[in-house]
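Hi everyone, thanks for having me. Let me put today's protein up on the screen, and then we'll walk through it together.

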Amino acid sequence: MSTKSTPFDELDRRIVATLMDNARASFAEIGAAVGLSATAVKRRVDRLRKADVITGFRATVRPAALGWRTEAYIEVYCDSAAPPRRLAEVARKYPEIAAAMTVTGAADALLHVRATDVEHFEEVLERIRSEPFIRKTISYMVLSHLLPESPEAGASASAPAGPAARAADGAANLL
């Protein structure tokens, strides 16, 4: 991330909000929404990207559409103070880990895991447990998403709640 301070005004906030709502919006569409020309929007988006305010554009896909039907969170407890760098190395080894973070509390880290089924999840869990510095894990299987429109549930940030959101195969989203 850039250490240089970048001016970030209300127009920038509106541009970012528009992109978060629809990352596929054209500069002309964004300009119409925020009251700027397409060229002015492009200049601002380029500046925001250069300053690492906007870090990328992605398609948000419903995980089940890709065969990832089982989801869980794993609390990870380490033998000693494993540095975040080491935990990150482990997390990168497993494509099933959708997110990993260090946390406060008793656990050292929290892993968000997606798997094809319970057997696949169990195999991933056993591989994680076999890491030399991991003392124990506690797993929580996800039964349902209470906020199905959330990005964690595989929806775009602006998707409406309800059956249409759950049935969507994917949407463009700025992350």
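So, what percentage of the 175 residues in the chain is buried? It comes to 35%. Keep in mind that we're looking at a predicted model.

Okay, the overall layout. We've got six helices and six strands here.

Now for the salt bridges, and the count is 12. Let's look at a few. Asp12 pairs up with Arg47, with their closest N and O atoms 2.9 Å apart. That one links distant parts of the chain: Asp12 sits in helix α1, Arg47 in helix α3, and they're 35 residues apart. Asp12 counts as buried because its relative accessibility is 1%, under the 20% cut-off. Arg47, at 29%, is partly exposed.

Next up, Glu131 and Arg86, at 3.8 Å from N to O. Here Glu131 is in the loop between α5 and β5, while Arg86 is in helix α4, 45 residues away. Glu131 is buried at 7%, and Arg86 is partly exposed at 24%. These two also belong to a network of salt bridges, together with Arg85, Glu89 and Lys93.

Last one: Arg129 and Glu126, 2.9 Å from N to O. Both are in helix α5, three residues apart, so about one turn of the helix. Arg129 is partly exposed at 38%, and Glu126 is partly exposed too, at 41%.

Methods. Residues numbered from 1 in each chain as written. Predicted model: local features only at pLDDT ≥ 70, side-chain atom pairs only at ≥ 80, totals over all residues. Heavy atoms only, no water. Helix = DSSP H or I, 4+ residues; strand = E, 2+ residues; numbered from the N terminus. Buried < 20%, exposed > 50% of the residue type's maximum accessible area, 1.4 Å probe, protein only. Salt bridge = Lys/Arg side-chain N within 4 Å of Asp/Glu carboxyl O.
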